[in-house]
Each structure stands twice: as C-alpha cells, then as structure tokens.
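My notes follow in the order I made them.

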Amino acid sequence: MQLFIDSYGAFLHVKDNMFEVKLYQNNQTVKKKIAPSKISTILLSKGTSLSYEAVNMCLTYNIDLLFLEFDGTPIGRVWHSKLGSTTKIRKHQLVASVNEIGVKYVKEWIERKIANQIEFLKKLKKHRPNKAEYFNETIKKLKQSKKGVSQLKGKNIKEVAESLRGYEGSAGRFYFEVLSNSLTKENNFIGRSSRPAKDPFNSFLNYAFGVLYSKIEKALIIAGIDPYLGFLHRDDYNQKSMVFDFIEPYRIFAEEVVFKLFSAKKVNKKHTDEITNGFSLNKEGKILLMQSFNKFMDEDKVRYKGKNHTRNNIIQYDAHAFANYLINKKMDYKEIEKYDLLGDV
C-alpha cells in the first residue's frame with residue numbers, strides 16, 4: 001500500500017517498531033499506527049515532517065520515501081545506498097541515446113501513447129452515439145499522427161526529433177479537445193496547461209501526472225536505468241529526461257482516472273482553489289484523486305502480456321524489459337565519438 005501524508009503539521013515517526021502518524025484535527029492529536037511490512041511507498045506533501053527513525057525504517061524495509069510539492073510534483077526521494085543497478089545498463093543507455101536504438105524506443109513510446117488515446121476515445125464513443133462522427137474524425141487524425149511517427153526513419157534522435165514532437169503535439173491537441181467536449185460545459189477546458197493549471201481539470205491532471213512521474217522514476221531506477229539520461233527530451237541540468245520519455249505510454253492511466261472523476265460528477269468547486277492565473281488542487285481534491293488513482297494503479301488488474309497485472313506492475317515489467325534489451329543488444333561504443341553528447345536534441 002501507499003501511505004499518503006498530506007495534512008499540514010502531520011508528523012511521521014516510529015513507535016513500538018511501527019510507523020506512527022500524528023495528526024492535529026479539531027484541536028486534538030490523532031495517532032495512527034501502520035506496520036512497515038504493509039507499506040511500499042510513503043508520500044509526504046509540503047507542511048509535513050518525519051523523524052530520523054522513520055527514514056531509517058524506510059531504508060530497512062526498502063520503502064520508497066517521496067516528497068511532493070502542493071501540486072504533486074516530486075521534488076526528492078530517499079533511496080537505499082545500494083541501488084542494485086549496474087553500470088553496464090547505463091553505458092548501453094548512453095550509447096542508445098545517440099543511435100538508432102534511441103529512435104526505435106522513442107517512436108515506440110509515442111506510438112503507444114497515441115494508440116492508448118485512440119482506444120480511450122473509442123470507449124467514450126460507445127456511450128456518446130450522438131457524437132460518433134465527431135469521435136471518428138478525431139480518431140482518424142490520431143491514426144494519421146501515429147502512422148507519421150511509425151514511418152519516420154533516422155540514425156539518431158536529432159534527425160527525427162522535430163517531426164516526432166510535431167506528430168505528438170498534433171495528436172495531443174485533437175485528443176484533449178475531444179475530452180473537453182465530452183464533459184459538461186462548466187468543466188470544459190482549452191487544451192493542456194500546467195504551472196499553473198488554467199482550469200480544475202488540468203489541476204487534477206497535473207497532480208496525477210506528478211504522482212505518475214514518481215512511479216516512473218522508481219521503476220526506472222529499480223531496473224537500473226538512469227532517469228536523467230533521456231533520448232528525446234533535453235538533458236538540461238537536473239532534468240529527469242528519461243522519466244519524461246518513458247512516461248508517455250502510461251499517461252493514459254492518469255488521464256482515464258481524472259476524466260472518470262469529472263464525467264461521473266464527483267468533482268466540484270470544493271476540490272480546487274483559485275490562485276493567481278489559475279487553479280490548484282486542495283486537500284479535499286487530493287484525497288479524492290489519490291483514492292481513485294491508487295486503486296486504479298495498485299488494485300485493479302488488466303490483461304498484459306498474457307497475464308493479469310496491476311498497472312504499477314506493468315510499468316515495472318516494461319522498465320526491466322527495456323533494460324534487458326539494452327544490455328543484450330550489441331553496440332559499438334566507438335559510436336559515442338560521432339556525436340556531441342552534450343548538445344541539444
């Protein structure tokens with residue numbers, strides 16, 4: 001399970017070999033104990049705190065300890081010093097970033113992303129027969145973008161980066177336009193927006209993406225992949241470029257949860273706060289989102305590769321498959337000399 005601590009002033013410490021969370025509610029101290037063996041991840045939002053003993057117990061039980069901003073953006077985490085990864089994987093990852101293997105994987109991730117968007121729109125269309133033609137037109141456009149990605153050829157990412165971003169961007173605009181028009185008028189939104197979100201829908205989606213980023217980063221590190229060494233996204237200072245690359249096929253997880261909350265009319269004005277130039281998810285909104293998102297990711301199972309998996313397990317499975325492909329694929333390390341590894345993509 002995930003332990004999500006969001007209440008301002010909440011304190012996590014250890015008592016009797018168990019985690020204890022102290023909360024202050026209605027001028028009273030409330031204490032809750034949880035066995036460490038039941039926890040896989042602890043997420044702490046701004047305004048919370050913890051003890052040294054709590055950190056030590058996380059390391060002892062290999063519990064991922066993650067710190068979030070108010071909008072769900074992960075700003076740091078505590079890992080055990082023995083990561084279990086190998087330098088061999090990261091060396092191969094570096095070579096792949098400048099050759100056709102990087103192209104292969106970026107194309108695959110974006111194609112899967114667009115394919116997921118198409119399948120989600122098909123599901124929505126079934127319940128909106130009066131808009132079938134509108135859905136079909138958009139699905140056709142998405143298929144054209146997906147085909148454009150699949151037909152791109154290049155020996156390195158630099159040769160195809162601009163075209164990849166063009167196809168991906170076009171598909172995203174068409175896709176989110178349909179999602180917006182599938183909601184009630186008061187929940188319509190104009191495209192994607194972040195920092196700040198221009199509307200409640202995007203405030204929910206941004207927070208869900210923030211949590212999903214942390215899941216992707218964890219899966220990559222467990223598999224031995226460097227989260228900072230990306231293929232398509234720029235290797236700017238402290239930017240987790242591979243997280244931004246690898247997340248693409250799984251964005252649908254966050255999008256589906258958020259859309260269902262809005263379409264089921266479970267979201268109202270009490271879940272977001274208006275801030276300067278936008279909206280922010282508040283405590284009640286975070287609780288609503290995280291309850292649905294955690295169930296969707298940790299409990300609900302789907303068929304994948306011939307077996308039933310949770311969506312968290314699917315991400316980890318794919319991360320290991322990616323790492324295994326890198327180290328089993330023969331590469332010539334002299335290729336590095338052909339490219340400027342510090343240059344922009």
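**Entry 1: the cavity**

I began with the lining of the largest cavity, where H3 and H7 each supply at least two residues. The model is predicted, and I read every entry with that in mind. Which element gives the largest share of this lining? H3 does, with 3 residues. I then listed the whole lining: Val106, Trp109, Ile110, Glu168, Leu232, His233, Phe244, Asp245 and Glu248. By class I got 5 nonpolar, 1 polar and 3 charged residues. The volume came out at about 40 Å³. I looked for others, but the structure holds 1 cavity of 30 Å³ or more.

**Entry 2: the largest pocket**

Next I went to the open space. The largest pocket holds about 1000 Å³. I found 42 residues in its lining. Which of them lie nearest the centre? They are Arg192, Ser194, Asn206, Tyr213 and Arg251.

I sorted the lining by element. At least two residues each come from E8, helix H3 (100–126), helix H5 (157–181), H6, helix H7 (241–246), H8 and strand E10 (278–281). H6 gives the most, with 8 residues. H3 and H7 were already in my notes from the lining of the largest cavity.

The class count for the largest pocket reads 15 nonpolar, 15 polar and 12 charged residues.

**Entry 3: the second largest pocket**

I moved on to the second largest pocket, with about 500 Å³ of space. Its lining has 17 residues. Leu3, Phe4, Ile5, Lys32 and Ile287 lie nearest the centre. Two or more lining residues come from each of E1, strand E3 (18–25), strand E4 (28–34) and helix H9 (283–299). Which element gives the most here? I noted H9, with 5 residues. By class, the lining has 9 nonpolar, 5 polar and 3 charged residues.

**Entry 4: H6 against H8**

Both H6 and H8 had turned up in the lining of the largest pocket, and I checked how they pack. Helix H6 covers residues 200–223 and helix H8 covers 251–263. Their axes are 9 Å apart, at an angle of about 145°. Is the crossing left-handed or right-handed? I recorded it as right-handed.

I wrote down the contact residues from each side. H6 brings Pro200, Phe201, Phe204, Leu205, Ala208, Phe209, Leu212 and Tyr213. H8 brings Arg251, Ala254, Glu255, Val258, Phe259, Leu261 and Phe262. The classes split into 13 nonpolar, no polar and 2 charged.

Last, I traced a sheet. It is open, with 4 strands in the order E1-E5-E7-E8 and mixed pairing. Which strands are at the edges? They are strand E1 (2–5) and strand E8 (74–78), and each pairs on one side only. The twist averages 20° from one strand to the next.

I followed E1 to its partner. Strand E5 (residues 41–44) runs parallel to E1, and 4 bridges join the two. Leu3 has Ile42 as its bridge partner in E5.

E1 gives two or more residues to the second largest pocket, and E8 supplies at least two to the largest pocket.

Terms used
Residues numbered from 1 in each chain as written. Predicted model: local features only at pLDDT ≥ 70, side-chain atom pairs only at ≥ 80, totals over all residues. Heavy atoms only, no water. Pairing = 2+ DSSP bridges. Axes fitted to C-alpha atoms, helices over the stretch in contact; angles between N-to-C directions. Left-handed = near helix turned anticlockwise from the far one by under 90°. Contact = heavy atoms within 4.5 Å. Nonpolar A, V, L, I, M, F, W, Y, C, P; charged D, E, K, R; others polar. 1 Å grid on protein atoms, 1.4 Å probe; cavity = no way out; pocket = protein on both sides within 12 Å on 5 of 7 lines; lining within 4 Å. Points joined across faces, edges and corners; volume = space filled by probe spheres on them.
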